Amino acid sequence: MATVQDVLKMMKENDVKFVDFRFTDTRGKEQHVGVPAHTVDEEKFESGHAFDGSSIAGWKGIQASDMLLIPDPDTAFIDPFFDETTLVLSCDVVDPTDGRGYDRCPRSIAKRAEAYLKSSGLGDTAFFGPEPEFFIFDSVEWKTDMSGCFVKIYSEEAAWATAEKFEGGNIGHRPMVKGGYFPVPPVDSFNDIRAAMCLALEQCGVEVEVHHHEVATAGQNEIGTKFGTLVRRADMTQVLKYVVHNVAHQYGKTATFMPKPIVGDNGSGMHVHQSIWKDGKNLFAGNGYAGLSETALYYIGGIIKHARALNAITNPGTNSYKRLVPHFEAPVKLAYSAKNRSASIRVPFVASDKARRIETRFPDPIANPYLCFAALLMAGLDGIQNKIHPGDPADKNLYDLPPEEDAKIPTVCASLDEALAHLDKDREFLTRGGVFSNDWIDAFIALKMEEVNKVRMTTHPVEFDLYYSC
């Protein structure tokens, strides 16, 4: 782990001009503030940088707005996009009145989840490996006002672009609907952009394992990066999103982690691999189904039990539920399987017990990674503590079951407001050890209901199709 002295040395060796303090808000968006490098010394890592917490959605009121950013030296990297040499540091948000991590700071919540795992005695380390998918478009336009609304996606790679006129001609090579996994170029037109993203990620200290085109047409992609401990892996997920957005921007493109930007093709998920370790031993390895331990099965049971409450955090947008529908590789059925990708929890095939893990498949990439990973851990720990067995595995195609079998398998939520209602009722498992507070849950529900109501009250173009001539 890097120390403060390591960071100060890094700043000197790279002739750093500015330091960028970054933190993540409730919705999962990184925020930042830059300071001249000469103002950052050893004391700065202790005293932090003051900012106005009342300006962040869902945070402090104006009457108690002063907050501190406390940088973590282990997160330092040189930003590859700024003109002036800038060192980036991820920060915890601290309440100066008591010196503790702010109740609504996602990174502080994730730290409390790690501490709760250790205090429970069930393990000492939780490893997470997310797989966020994303789209890269040529451009996108939308408008919403009293006169009406529209959205238009432009993509030379899109299946609908076969008759379009492009400068230099229409190349004709493109992935059709569900045809993007994963032919070589020129059908895959994003290899060079992904390669640039991978190099930038490695430059930022995020180890890349794989990159490829994903299933959907019009530029769905994925970059796989190495697993890590809960907080650090959430940090790295934020770096990945930052790099993807900015490299796409450099290429004159636009990237989005929106779960379902395109109607009629696969949406973008964020499958999350998880395991718990203790004293250097993987507690998920055993002699049970697919090489899992009883501990791992109970962990799965906890996630299935609390899945609908988890949806509010792992799938936190109204758009998330346009992805969670059958037949687009969306894992809507709350079951587990070693082979079946229609199940919401998969057990990947691995060569050794060290790699034994489970993969939760319903989360999506607009989820705040700190909150998502912490909530999944808390649900899994509840399963272990209360020995919640998930039942038999599901090795059939869950989309094509007879009605009587289909009715027996629970599903994820169908809308954000449904998920928020489940979170409201099923919250106790999140509040253990003070990881999530009831105050945070109430504030999160209120923030997200604003989004629900905004969509609910906005006339949709499809409604003209349905009702204009009635």
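1. Let me start in a loop: Phe182 is found between β10 (148-154) and α4 (191-203), with helices (H or I, at least four residues) and strands (E, at least two) taken as DSSP runs numbered from the N terminus. A cis peptide bond joins Tyr181 and Phe182, with omega at about -20°. This is a predicted model, in which local features need pLDDT of at least 70 and side-chain atom pairs count only at pLDDT 80 or more, while totals for chains, interfaces and linings use all residues. Residues are numbered from 1 along each chain as its sequence is written, and side-chain values use heavy atoms, with hydrogens and water left out.

2. Please look at Pro186 as well, which lies in the loop between β10 and α4. Pro185 and Pro186 are joined by a cis peptide bond, with omega about 10°. Lys178 lies in the loop between β10 and α4 too, and its phi is near 60°, a positive value in a residue other than glycine. Lys178 is partly exposed, at 42% relative accessible area (buried means under 20%, exposed over 50%, partly exposed in between; 1.4 Å probe, protein chains only). Most residues other than glycine have a negative phi, and most peptide bonds are trans.

3. Another positive phi deserves a look. Ala290 sits in the loop between β16 (281-282) and α6, and its phi is near 55°. Ala290 is partly exposed, with a relative accessible area of 29%.

4. Now to helix α10 (residues 416-425), where Leu416, Ala419, Leu420 and Leu423 are buried. They cover an arc of only 100° around the axis, which puts them on the same side of α10; the arc is that of the directions from the helix axis to the C-beta atoms. The buried residues of α10 pack against α6 (294-314), α7 (320-323), α11 (428-431) and α12 (438-456), where contact means heavy atoms within 4.5 Å.

5. Finally, the whole chain. The protein chain has 13 helices and 19 strands. Its radius of gyration is 23 Å, close to the 23 Å that the globule rule gives for 470 residues, so the chain is as compact as a globular protein of that length; the radius is taken over C-alpha atoms, and the rule is 2.2 Å times the number of residues to the power 0.38. Along its principal axes, the C-alpha trace spans about 65 × 60 × 50 Å. Of the 470 residues, 52% count as buried. Among contacts with a separation of 6 or more, 69% come from residues 24 or more positions apart.
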